[in-house]
Structures are given as C-alpha cells and as structure tokens.
Amino acid sequence: MTTYLIRRLLTLVPVLAVVVTVVFLLIHLIPGDPVSVMLGPDATPAQIQATRQALGLDRPLHEQLLKFYARVLRGDLGQSYFLDRPVVTALLERAEPTLVLTFSALLVAVLIGVPSGIIAAAYQGSLWDRALMLASLLGVCVPGFWLSLNFIYLFAVRLGWLPAAGYASILADPVAALRYMVLPAVSLGFNQSALIARISRSCMLEALQQDYIRTARAKGVSQRSVMWVHAFRNALVPVVTVVGITMAILIGGAVVTEIVFNIPGLGRLIISAVLRRDYPVVQGVILVTATAYVLINLMVDVLYVFIDPRIRYG
Amino acid sequence: MADGAATTAVAAAEAPARPTWRRHAVRNRNIAVGASILAVVILAALLANVISTHDPRRLNPAQRLKAPSAANFLGTDEFGRDVYSLVLHGARVSLLVGATTMILTSLWGIVIGLIAGYYRRVDMALMRIMDGLMAFPAILLAIALMAARGPGIGNVIFALSVVYTPRTAMLIRSTVLTLRELDYVQAARALGRRDLAIAFRHILPNCVGPLLVQASFIFAYAILAEAILGFLGVGVPPYVPSWGNVIASGKNVIREAFWVSLFPGLALTVSGLSLNLLGDGLRDVLDPRLRVQ
Amino acid sequence: MGRAIAVVSLALLALTALDAEAQKKGGTLRVGILGEPPSLDVHWTTATITETLGNHIYEGLYTLDATNRPIPMLAESHTVSKDNLVYTFKLRQGVKFHNGKEMTSDDVVASLARWGKQSVYGKALFAQVADWKTLDKYTVEMKLKEKSAIVLISLAVPNNFGAIYPKEIAEKFAPEVKATEFVGTGPFKLAEWKPDQYIRMVRFDEYRPRNEKPNGFGGGKTAYVDEIRWQPVPEVATRVAQVETSELDFADDLNLDAYDRLKKNPNLKAIVAIGNGWLIAVLNKKEGLMTSQKLRQAWQAAIDIEPIMKNVAGGHREFYRMDSSLIMAEIAAWHTKLSGLPWNERNRDKAKRLLQEAGYKKEPVRFMTTQEYKWMYDFALLTKQQLEDVGFVIDLQVVDWATLVKRRNNSKEYDAFTTGIGAIYDPAHVNFLTASWPGWTTDEDILKLQADMAREVDPKKRMAMWEQQTRQVYEKVPIIRYGDLAGLRAIRNTTKGFDEKMGRVRFTNVWVEK
C-alpha cells in the first residue's frame with residue numbers, strides 16, 4: 001500500500017507540470033490586449049507600447065514561459081494588470097466565497113442525495129422509489145444555470161423570500177450569509193444531488209444483496225438495524241469517493257453560478273479577467289483550480305484505500 | 001487519476017444490482033424511451049426549415065417580447081424573433097456540436113487509448129498529458145480555449161473535443177490493458193500478427209460497448225457545455241440560433257418575457273434526459289465484467 | 001418687543017435650518033456600478049467609471065455648470081491678456097488635500113503638466129501651450145503659442161480631467177503609469193478599495209465648499225452621507241434586482257427593459273438619463289471598403305433610425321431622441337438645429353443607386369461590435385438587417401470590448417465598428433473628426449475647419465463654423481450618426497437631493513433619509 005501511495009504522489013509532479021505549461025500556452029493564445037482596455041479608447045499606440053514595456057509583455061514567448069515556471073515554483077503568480085496587486089492576493093481575497101459556495105453546494109448535494117438514495121433503496125420498487133428516481137433523473141438533466149434563473153425569478157422576484165443575488169461573509173454576518181447562499185448553493189448542488197441519490201441507491205441495493213446481510217436477516221435481526229448498521233456503512237465507501245469527485249465538478253460549475261448570483265469568487269474573477277485580458281489572473285485561477293482538482297482526486301484515492309480494507313495495491 | 005480507485009468505485013456503484021429478469025425489462029425501457037425522445041429531437045432538427053413558422057434570424061422589432069400566441073407559438077424575443085423557430089434551429093447547433101464532439105472524442109480517444117495501452121513507453125507520457133488535461137474543470141478549459149480561438153461552431157467543437165477526449169482515451173486504454181493479457185491476444189502476437197490487425201480484430205470490437213455508453217454521456221455533456229458557453233457569451237456567435245444563446249438573451253428579460261429562456265431550457269433538459277436514459281440503458285445491457293477493474 | 005420676537009424667530013429659524021442640515025448628515029449610500037474601474041487615476045484613462053468615481057475625490061481648476069459651460073472650481077478667477085495669449089489663474093486659498101496639505105500653485109503646475117502628457121483633453125490643450133509656471137503661491141500663468149478657444153473648457157471637462165493632485169503624487173507617477181495613490185481635494189476621500197467587492201469613500205471633513213449654490217457639477221458641494229460604497233455588479237439583471245430589494249440605494253446603467261417594472265415600484269424612482277450619449281458607427285476610411293465615399297453615403301441613406309432606436313430603447317419613447325446634431329442638446333452652446341441634412345433619409349432607392357455607382361460587388365463589410373454593451377450589439381444587429389435589405393453583405397463580428405478596442409486601432413482588421421459618443425463639451429474635442437482616432441478622418445476640409453475653430457475666439461463665429469462643419473460631415477460621411485440614447489438609473493426614495501438633470505452621476509448634496 002505504501003508503494004502505491006508513493007507512486008500516486010509522484011505522479012503529481014508531471015501532471016502539475018503539464019497543467020502549468022497548458023495554462024501558460026492557453027493564455028498567450030488569447031487575442032485582445034489588456035493595455036488598450038486599461039488605458040481607454042483614446043490611448044495612442046505610443047502610450048500602449050510604453051505601458052506594455054513597463055509590464056514586460058513584449059519579451060519573446062519562451063522567455064516568458066521559463067520565467068513563469070520559475071515564479072510559480074517560488075509561489076509568485078505575478079501581478080494583476082488590472083487590479084494592481086499580486087495575483088496571489090487577488091486569489092486569496094476571492095477564495096472564501098468560492099469555497100463557501102462549493103462546500104454549501106456539496107452539503108446540499110449530500111444532504112438531499114444520500115437520504116433520498118437510501119430511502120429509495122429501502123423501499124425499492126415502491127412509488128417512493130420510482131418518484132425519487134424520476135426526480136433524480138430530471139435532476140441530472142436540468143441545466144444548472146437555467147435552474148438558477150428560474151429560482152431567482154420564483155423565490156426572489158415573485159415571492160420575495162430570498163435576495164436575488166449577492167454575498168455576505170459568514171465571518172461577518174452569518175444570518176445574511178445564509179440567506180444569500182441558499183439559492184446559489186441549491187441550484188449548484190441540485191445536479192450533483194441527483195447523481196449522488198442515484199449512486200447511493202445503487203450502493204445501498206448492492207450492499208443489501210450481500211450474503212452477510214441476508215444471513216443477518218435470516219437470523220431474525222430487525223430490518224432497521226440491519227440497514228443502518230451494516231449496509232449503510234458499506235454503502236458509504238463508494239459514496240464518499242463520489243463526493244470527492246463531486247467536489248471537483250462543483251469547482252467548475254461554480255463559475256456560472258457566481259456570474260448569475262454576483263458572488264465575488266474565483267469564477268467571476270476568471271470571467272472578468274478573460275474579458276479584461278488580465279493574463280496573470282486567468283493563469284492564476286486556472287492553475288489553482290486545476291491543482292485543487294488534482295489534490296482532491298489524490299486525497300479521494302488515498303481515502304479510498306484506507307476506508308476499503310478489501311483494496312490493496314501492491 | 002487514471003487508475004484511480006475512485007473511478008473504479010463509481011463504475012462499480014453505477015451497476016445496479018437487481019434480479020436478471022427485472023433488469024431486462026428496465027434496460028429495454030430506458031433504451032426505448034431514450035432513443036425515441038432523441039429521435040424526436042433529431043427529427044425536429046432535421047425538419048427545422050420545414051416546420052418552422054418564421055426565419056429564426058429575421059428581426060422584427062415591432063413584435064418584440066410578445067407572449068406565446070397563434071402567430072408565435074412560443075412567443076418572441078427582444079428583437080421580435082420567433083422563439084419556436086429559434087428552438088428548432090437551435091436544436092441543429094446543439095445536435096451538431098454534440099454529435100461531432102462525440103464522434104471526434106471517440107476517434108481520438110480510440111487512437112490515443114490504443115497507443116497508450118499498447119506501447120508502454122509512450123503510455124507514461126500520454127497518460128500524464130491526459131491527466132493534466134483532465135485536471136482542468138471542463139467548463140473553465142473550454143472557456144479558455146474559446147477565448148483563445150474566438151467564436152464559431154468549429155471552435156466550440158474543437159474546445160469540447162479537447163476537453164472530453166481524455167476521458168474516452170482512459171476508457172479505451174483500460175480496456176486495452178486488460179485485453180492485452182487475454183490468451184487469444186497473446187496467441188495472436190506470438191503468431192506474428194501485426195499490432196494494427198490485432199487492434200482491429202480483437203480489441204476494438206470489445207471496446208464498442210463501453211464506448212457507446214461513454215459516447216451517449218459525452219453527447220449529453222457536449223450539448224450542455226455548448227449551451228453554457230453560449231450563455232457565458234463565449235460560444236457560437238450570438239446571432240446564430242442556439243439554445244445557450246437564446247437562454248442568454250432571455251436572461252435579461254426574464255421577468256417581462258420568461259418564455260424566451262424557458263423553452264430552450266426545456267429543450268435542453270429533454271435532450272439531456274433522452275441521452276442519459278439511453279446511456280443508462282446501454283450500460284445495463286453491457287455485462288459489467290467487460291469494464292475493466 | 002416686536003424686534004426681540006423677530007430676532008428670536010429668525011434665530012430659531014436659523015437653528016431649525018441648521019438642525020435640518022445636521023439631520024441630513026450621516027448614513028451610507030450603496031451604489032451599484034457596472035464594473036471595476038481600471039484605475040482611479042483620472043489623468044490616465046477616459047473610462048466613464050473612473051470619471052464618475054474620480055469626480056467625488058478630485059477637483060479641477062474649472063468645472064461645468066448646469067448648461068455645461070465652464071465655471072471656476074479650485075480657481076478663484078482668471079484674467080486673459082489683451083492678445084489672448086496669456087492666461088493668469090488665481091487659486092482659492094486654504095483648500096486642503098485629503099492628506100492635510102494645502103493646495104498651492106506648485107501642485108497645480110505639477111498635476112496639469114502630468115495631465116497634459118497623458119490625457120486626451122490635456123494633450124489637446126497643451127499642444128497650444130508655450131509655457132506654464134507658478135507666479136506665486138496662489139497664482140499660475142499659462143502662455144499660449146497661438147490664440148485658443150478651448151482653455152477653460154479643457155480645464156472644465158469632467159472626463160479624463162485636469163484633477164489637482166498633490167505635487168508629490170503627480171511627480172511620483174509618470175504620465176503613462178497608473179497612479180496608485182489617490183489624494184484629492186474633493187468632498188469625499190478614498191477609504192478602502194476591495195477589488196470586485198466595493199470601493200469605499202468617506203466624507204472629507206475639512207472640505208470647504210464654495211459659497212455659490214450648487215450649479216451643475218460646480219458651486220457649493222456638500223457631502224452629507226458619511227460614506228459612499230460603490231459596488232461592482234457586472235450582471236445587469238442582478239443590479240436591477242438589488243436596487244429593487246433595497247440591497248442597493250442606487251444603480252446605474254440598467255437595461256431599458258426593466259423600466260416598466262421599475263416604474264411600478266413605489267419604493268424607488270426610475271430615472272431616464274437622456275443626454276447620456278448617442279450611437280455611432282465609425283467607418284474605416286484608411287483602407288478597405290469604407291474608403292469609398294459612395295458606400296458610406298449608401299449606408300447613411302439606407303438606415304431607418306427610429307425603429308432601431310426604439311428597439312434599443314426597449315420600446316420606450318422616453319429613452320431615445322432623434323437628433324442630427326453632432327453635439328447633444330444638453331450642451332446648449334453647441335447644439336445645432338439644421339434642416340435639410342441627409343440624416344435618417346430612409347431612402348432605399350438612393351442607397352441602392354449609390355451602391356451601384358460605387359461598383360459594390362457584394363464584398364462582406366466587416367462590422368465589429370460587442371455584447372458587453374448591449375445597446376451596441378442591438379443597433380449593430382438591426383443595422384445589419386436593414387443594410388442587407390438594400391444589398392449590402394455584412395459580416396457581423398461580435399467580440400469582447402477588449403478585443404474591439406484593440407482591433408479598432410488596426411486599419412486592416414475591420415470596416416466599421418460600433419461605439420457611443422458621450423458628452424462632448426466643445427467642437428474642438430470631437431474625436432471622430434481627427435486623423436489619429438480610429439476611423440482616421442483625413443478629409444482636408446474637415447481637418448482644416450477643426451483647426452480654425454480651435455483658434456477662433458469669437459463664440460458666434462465659432463458656431464457658424466461648427467454648423468458648416470456639421471453639413472460637411474453629413475456630406476462626406478466619416479461616421480454614421482444614429483439617435484441619442486438615454487440611460488436608465490434607479491434610486492430609492494430614501495435617497496434625497498439627487499440632481500437628475502446632471503449627465504453624470506454625483507452624490508454630493510445627496511442625503512439618506514433615516
């Protein structure tokens with residue numbers, strides 16, 4: 001097992017190297033020029049050139065790439081052209097909303113998905129089961145961003161129960177934070193909750209089929225304790241790993257949600273950075289999210305090895 | 001991440017455990033329903049020119065934001081364009097993007113997967129690159145690629161193919177890795193058959209199953225991704241009828257004219273539904289043993 | 001006894017007035033804006049958002065009154081020599097910067113020197129300046145190379161304006177580099193800037209307003225609110241929603257479709273801000289299809305402007321204005337009311353004939369626009385259809401604003417692009433009649449008339465020249481003028497004192513009801 005873990009950790013290096021290179025190449029293919037946008041429509045070519053030189057944008061590509069590697073290794077992600085501050089600072093300022101959104105959506109997905117799946121499994125074949133499975137099928141297919149629009153229309157505009165958009169920090173004002181986070185978290189977590197429901201149900205069903213469960217029931221142990229003690233714990237294993245993947249998927253889905261709900265997180269940052277041609281920030285966001293994705297998957301793999309005693313990789 | 005235990009777990013979990021007779025009934029229903037809905041969507045797209053009531057691109061400012069009526073079945077948008085015709089023609093873009101992406105990712109996935117599964121030396125490098133590409137959340141990578149290449153349906157297809165190919169490549173590679181070790185393949189190699197021949201005769205046929213399943217889901221992801229890109233303004237040009245574009249244009253008038261965003265959203269949901277059902281059904285049909293642990 | 005009562009009553013009245021004034025003080029104003037300003041360095045950029053925010057913390061020597069004519073702000077007065085070549089400015093005394101320092105002529109000279117090298121308006125003025133120096137602590141002298149009609153107006157224009165910075169800051173940051181320290185003399189000072197979240201400005205307690213009543217952007221400016229919180233909310237639908245739910249007190253640049261709904265809301269007022277600007281299609285006269293004058297005239301003849309404006313305005317009559325004047329009605333000094341201009345002729349036959357005469361062979365016209373300004377995209381799309389109906393082939397290229405701004409400097413990349421012309425306060429500042437601005441108007445007659453106008457000091461003669469210039473523009477068609485478009489703003493009823501007539505948003509003399 002240790003060898004597996006070590007091998008797994010080592011694969012991080014080349015993967016991250018590829019990530020960094022792809023990020024660098026991507027951005028330098030983008031047309032449009034940050035300096036023209038910053039200086040406004042009446043800037044002369046001479047001024048544009050002067051500012052470009054001041055920002056180091058006129059050096060050859062390979063030079064910029066090597067410099068990029070060196071800086072990333074040092075933890076320096078550069079300076080934002082637009083925001084006048086280090087990219088790392090810009091990212092840290094906006095990390096909280098995205099993390100809160102992602103975790104809230106995950107919570108929604110798990111809290112709705114797991115119980116639904118388990119209930120469906122417990123009453124397999126019944127109306128409940130079929131209704132839940134239909135709902136979860138729809139849940140997987142409904143576009144999250146479309147759902148967001150409809151939620152805003154229904155709950156904020158027509159009913160007025162919740163704010164239409166915005167964000168408040170949990171640290172500053174927990175109650176307001178909660179109110180602002182309901183619609184975004186639900187619309188983002190909705191798709192994933194459906195997926196988790198279906199998988200929980202499958203896992204539960206499979207667990208219930210296992211021999212030792214049948215033996216326990218034959219021995220006369222009551223239905224409920226059978227379920228909750230044995231099946232649940234076993235079903236949890238793959239569910240935990242799915243939750244890990246869900247986290248990774250949610251990071252990507254957060255972009256659109258942040259746009260619709262005006263949440264000042266990394267997703268909104270990358271869209272405005274792309275529009276403003278703020279290269280360093282785009283690189284920073286993609287780098288950070290990709291790295292997070294890689295690390296989360298790593299953790300999930302490691303966790304899985306520890307949780308499931310049946311799996312041992314030599 | 002390719003050999004990750006997690007993907008295995010999901011794969012195992014997705015296989016439902018039901019008595020065999022029930023399984024047959026359900027899987028057939030899934031495939032039947034999924035395929036029929038998809039057929040309707042495809043038909044609507046193909047016949048779009050015939051069954052549309054208006055030219056979807058024709059602006060008619062005097063008729064802007066009109067509610068659904070006999071003249072405009074699903075209402076009009078902010079430029080007076082007929083939503084019904086827009087949805088029909090939008091289906092063409094969505095299906096074109098979805099199908100082409102699906103085909104391209106399958107082709108590239110097969111090529112890369114085969115090479116990686118067969119030739120160990122290249123495998124390491126290829127897999128690290130695939131891992132690297134898969135590390136980017138799909139939508140972010142697509143946004144960045146679209147920003148780099150500019151608008152246009154060709155570029156959307158390219159961006160989505162790049163994003164989804166790694167997944168298919170991994171799948172094919174896994175299949176190849178198992179099948180390599182099987183007796184009849186070993187035998188064929190011992191007999192001196194060329195690698196390409198072995199690939200075509202023995203390996204590829206066994207990939208078809210998992211590939212089909214994967215393909216239906218990629219079709220669904222691609223349709224949705226195209227809509228998201230259009231919604232964010234980085235997809236096909238905004239005046240080209242596409243579901244994402246129409247939803248985006250309806251976003252700002254959602255209170256005055258909710259129908260503009262509503263109907264393309266429904267169309268998206270229904271299409272995704274049909275493909276998911278199809279994929280589920282196909283996955284049930286395939287013997288789980290064929291998917292590699 | 002009667003006298004005593006009178007005195008006491010007067011005193012009481014005064015006290016009540018003072019008390020009422022005192023009661024107005026306080027509160028926070030939350031304002032929704034459409035994005036992050038690229039900087040708060042007003043010398044550095046013409047961006048509107050920088051202008052709006054900058055005018056709360058900075059002031060210039062002059063500013064504009066309610067008729068958009070220059071009036072003194074930081075200047076006390078000025079004199080002009082008999083030959084019109086020497087301007088002497090006397091500064092107000094005892095004006096404090098936000099850092100406590102007093103404003104003197106050294107600050108003025110340093111600031112305007114920096115402004116003169118970077119700002120569009122600064123460069124236009126300083127091209128005519130021979131010398132610029134301090135005479136004493138509160139006096140500055142400007143010597144001109146030739147007679148100029150635009151001295152005061154250039155110093156008064158609020159966009160990209162000659163804000164007075166402390167000398168140390170003006171000298172610390174080279175003109176082409178963004179300043180990152182923001183110290184001014186305005187009634188508000190910058191307290192905190194959290195990008196993408198908010199920009200906080202607080203009242204500057206040592207601000208001494210001028211004695212006159214508020215007049216346009218000038219006169220006495222009082223900061224009643226304790227704080228203005230500018231919040232960037234890029235999604236317009238969200239901006240609207242937030243002012244409806246009172247999360248914002250004020251929101252600007254709203255989509256016009258929201259007007260009907262906002263009108264019905266009893267808690268806020270929907271403001272139609274006409275005089276915001278007018279829609280323009282700028283034609284590439286350096287190379288490409290639009291070098292042909294007949295093609296340009298064909299475009300001008302073909303379009304039917306009113307339905308386009310109506311659609312852009314969301315169907316509302318209040319939001320657009322049909323006008324052929326190249327300077328908007330709000331700038332009364334230069335508004336023209338000429339008849340017989342070939343504007344909005346809607347003459348398809350004439351257009352088709354011109355296309356034929358031009359020898360047009362259906363080559364695609366590359367027309368650049370963006371969705372980031374929805375009204376640009378709207379009028380571009382509608383224009384495309386109208387032009388294609390008379391025989392043009394239009395290649396509509398929808399890009400993001402950053403790309404458009406870059407590409408429009410390159411004559412190989414487009415034939416026409418969309419933009420808006422905001423307030424222009426003097427004919428000499430008309431950017432689309434210069435040879436260097438995108439579109440490259442190089443017609444000799446037009447350029448000569450512009451140069452003559454800059455030198456002519458008699459206002460009546462200048463106006464006659466401007467009318468002549470307008471006729472020339474409609475004959476030679478360097479650009480296509482559409483109609484005027486209003487903006488939509490929304491303000492909650494608890495926010496009082498806002499001057500709706502001002503073209504740009506200002507929160508001086510505004511208070512929040514508690």
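**View 1. C:Val477 is buried, with a relative accessible area of 0%.** Here "buried" stands for under 20% relative accessible area, "exposed" for over 50% and "partly exposed" for anything in between, using a 1.4 Å probe and the protein chains only. Before we go on, please keep in mind that this is a predicted model, in which local features need pLDDT of at least 70 and side-chain atom pairs count only at pLDDT 80 or more, whereas totals for chains, interfaces and linings use all residues; side-chain values use heavy atoms, with hydrogens and water left out. For finding your way around, residues are numbered from 1 along each chain as its sequence is written, while chains are lettered from A and ligands numbered from 1 in the order in which they are written. C:Val477 sits in the loop between helix H15 (459-476) and strand S17 (479-492) of chain C. Helices (H or I, at least four residues) and strands (E, at least two) are DSSP runs, numbered from the N terminus. The backbone is worth a look too: phi of C:Val477 is near 50°, a positive value in a residue other than glycine. For context, most residues other than glycine have a negative phi.

**View 2. C:Asn344 is another non-glycine residue with a positive phi, about 55°.** Where does C:Asn344 lie in chain C? Its place is in the loop between S13 and H11 of chain C. With a relative accessibility of 11%, C:Asn344 counts as buried.

**View 3. C:His335 and C:Asp323 are joined through their side chains by a polar contact of 2.8 Å.** A polar contact is a pair of N or O atoms within 3.5 Å; within protein, one must be able to donate a hydrogen and the other to accept it, and residues adjacent in sequence count only if both atoms are side-chain atoms. C:His335 belongs to the loop between strand S13 (320-321) and helix H11 (348-357) of chain C. Is C:His335 buried or exposed? C:His335 is buried, since its relative accessible area is 15%. Setting aside neighbours within four places in sequence, the residues in contact (heavy atoms within 4.5 Å) with C:His335 are C:Asp323, C:Ser325, C:Ile327, C:Met328, C:Ala329 and C:Met463.

**View 4. Helix H12 (residues 266-276) of chain A is largely enclosed by the rest of the structure, because ten of its eleven residues are buried.** The buried residues of H12(A) include A:Leu266, A:Leu269, A:Ile270, A:Ile271 and A:Val274, and A:Arg268 and A:Arg276 are also among them. Zooming out to the whole of chain A, we find 13 helices and zero strands. Of the 314 residues of chain A, 57% count as buried. Contacts in chain A between residues at least 6 apart in sequence join residues at least 24 apart in 72% of cases. The accessible surface of chain A (Shrake-Rupley method, 1.4 Å probe; for residues, only the protein chains shown count as cover) comes to about 13,500 Å², and carbon and sulfur atoms account for 69% of this surface.

View 5. Two residue pairs, both at pLDDT 80 or more, are in polar contact between chain B and chain A. H11(B) gives the most to the side of chain B that touches chain A, namely eleven residues. That side divides into 34 nonpolar, seven polar and nine charged residues. Nonpolar here covers Ala, Val, Leu, Ile, Met, Phe, Trp, Tyr, Cys and Pro, charged covers Asp, Glu, Lys and Arg, and the others, Gly among them, are polar. In total, 50 residues of chain B are in contact with 56 residues of chain A. The buried area (accessible area, 1.4 Å probe, that two parts lose on being put together, summed over both) is about 4,700 Å² between chain B and chain A, with 76% from carbon and sulfur atoms.

**View 6. Chain C meets chain A through 35 residues of chain C in contact with 36 residues of chain A.** The area buried between chain C and chain A is about 3,000 Å², and carbon and sulfur atoms give 53% of it. How many salt bridges are there between chain C and chain A? The count is zero. Polar contacts do occur between chain C and chain A: the rule finds two residue pairs, both at pLDDT 80 or more. Helices H3 (105-118), H4 (120-126), H7 (236-244) and H13 (401-407) of chain C each supply at least two residues of the side that touches chain A. H13(C) has the largest share of that side, four residues. By type, the side of chain C that touches chain A divides into 13 nonpolar, ten polar and twelve charged residues.

Note on methods
A salt bridge is a side-chain nitrogen of Lys or Arg within 4 Å of a carboxyl oxygen of Asp or Glu.
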